[in-house]
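This report walks through one protein structure for a reader who has not seen it before.

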Amino acid sequence: MLYLDRPVWPWRGRLWSHLISDVSPAELHAFAETLGVPRRGFDRDHYDIPADRFAMAVWLGARVVPSRELVRLLRQSGLRRPKHLTRPHPTPPHPALPPPPPPASIMQLWCPAKATKGRFLPTTTP
């Protein structure tokens with residue numbers, strides 16, 4: 001089932017509602033797509049819905065409940081994703097790229113002759 005609260009949350013000069021599903025994130029994403037809400041409106045466990053789409057969401061079948069009821073329903077369903085428990089995922093290294101070289105010292109980068117105490121290191125040519 002899909003639920004939303006009334007559009008009472010101000011942000012950027014508009015009022016917003018929260019849309020949730022107590023079944024699955026897939027149900028929530030499908031409904032939001034039908035409603036015409038972009039994916040960027042998704043925030044961990046709910047969609048932010050502008051007030052001008054509220055009536056359409058209700059007409060499509062979302063049930064209006066108080067905000068506290070939304071949180072209770074999310075917790076009860078196990079789909080609640082609180083901000084303090086959500087960590088950003090580190091970007092994995094690209095498999096096609098070689099590992100980066102070890103960092104050189106500042107002296108080697110700025111003045112290689114001083115870094116080798118005035119001696120030039122032999123270079124090899126391939």
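## His 46 and its place

His 46 is found in strand β5, which covers residues 46-50. The model is a predicted one. Is His 46 buried or exposed? Its relative accessibility is 11%, under the 20% limit, so His 46 counts as buried.

Two polar contacts of the His 46 side chain can be named. One is with the side chain of Asp 45, at 2.9 Å. The other joins the side chains of His 46 and Asp 48, at 3.2 Å. Leaving out residues up to four places away in sequence, His 46 touches His 18, Leu 19, Ile 20, Leu 28 and Gly 41.

## Strand β5 and its partners

The strand that holds His 46 is mostly covered: of the 5 residues of β5, 4 are buried. Strands β3 and β5 run antiparallel and are joined by 4 bridges. Within this pairing, Ser 17 has Ile 49 in β5 as its bridge partner.

Strand β4 (residues 42-43) also runs antiparallel to β5, with 2 bridges between them. Here Asp 43 has His 46 as its bridge partner in β5. The hairpin of β4 and β5 has 2 residues between the strands, and Arg 44 in this hairpin takes a positive phi near 65 degrees.

## His 18, across from His 46

His 18 belongs to strand β3. How far apart in sequence and in space are His 18 and His 46? They are separated by 28 residues in sequence, while the C-alpha to C-alpha distance is 6.2 Å.

Not counting residues up to four places away in sequence, His 18 touches Tyr 3, Leu 4, Asp 5, Trp 9, His 46, Tyr 47, Asp 48 and Leu 70. With one of these, Trp 9, there is also a polar contact between side chains, of 3.4 Å. Asp 48 is on the list of residues that His 18 touches, and the Asp 48 side chain makes a polar contact with that of His 46.

## His 29 in helix α1

Another histidine, His 29, lies in helix α1. His 29 has a relative accessibility of 16%, and therefore counts as buried. Its side chain makes a polar contact of 2.8 Å with the side chain of Tyr 47.

Which residues does His 29 touch, not counting those up to four places away in sequence? They are Arg 39, Phe 42 and Tyr 47.

In soluble globular proteins, nonpolar side chains tend to be buried together. The largest nonpolar core in this model has 13 residues, and those with the most contacts inside it are Leu 19, Phe 31, Tyr 47 and Ala 62. Two or more residues of this core come from each of β1 (2-4), α1 (25-35), β5 and α2. The element that gives the most is α1, with 4 residues.

Ala 62 is in contact with Leu 2, Leu 4, Leu 19, Phe 31 and Ala 57, leaving aside neighbours within four places in sequence. Another core, of 6 residues, lies apart from the largest one; among its residues are Tyr 3, Val 65, Leu 70 and Leu 73.

## Salt bridges

How many salt bridges does a search of the whole structure find? The search finds 2. Side chains of opposite charge can pair when their charged atoms come close. One of the salt bridges is between the side chains of Asp 52 and Arg 14, at 3.5 Å from N to O. Asp 52 lies in the loop between β5 and α2 (54-59) and Arg 14 in strand β3 (residues 14-21), so this pair ties together parts that are 38 residues apart in sequence. Asp 52 counts as exposed, at 59% relative accessibility, and Arg 14 as partly exposed, at 38%.

Arg 72 forms a salt bridge with Glu 69, and their closest N and O atoms are 2.7 Å apart. Both residues lie in helix α3 (residues 67-77), 3 residues apart, which is about one turn of the helix. Arg 72 is partly exposed at 40% relative accessibility, and Glu 69 is partly exposed with a relative accessible area of 26%.

Note on methods:
Residues are numbered from 1 along each chain as its sequence is written. This is a predicted model: local features need pLDDT of at least 70, side-chain atom pairs count only at pLDDT 80 or more; totals for chains, interfaces and linings use all residues. Side-chain values use heavy atoms; hydrogens and water are left out. Buried means under 20% relative accessible area, exposed over 50%, partly exposed in between (1.4 Å probe, protein chains only). A polar contact is a pair of N or O atoms within 3.5 Å; within protein, one must be able to donate a hydrogen and the other to accept it, and residues adjacent in sequence count only if both atoms are side-chain atoms. Contact means heavy atoms within 4.5 Å. A salt bridge is a side-chain nitrogen of Lys or Arg within 4 Å of a carboxyl oxygen of Asp or Glu. Two strands pair if DSSP finds at least two bridges between them. A nonpolar core is a set of buried Ala, Val, Leu, Ile, Met, Phe, Trp, Tyr and Cys residues joined through side-chain atoms within 4.5 Å.
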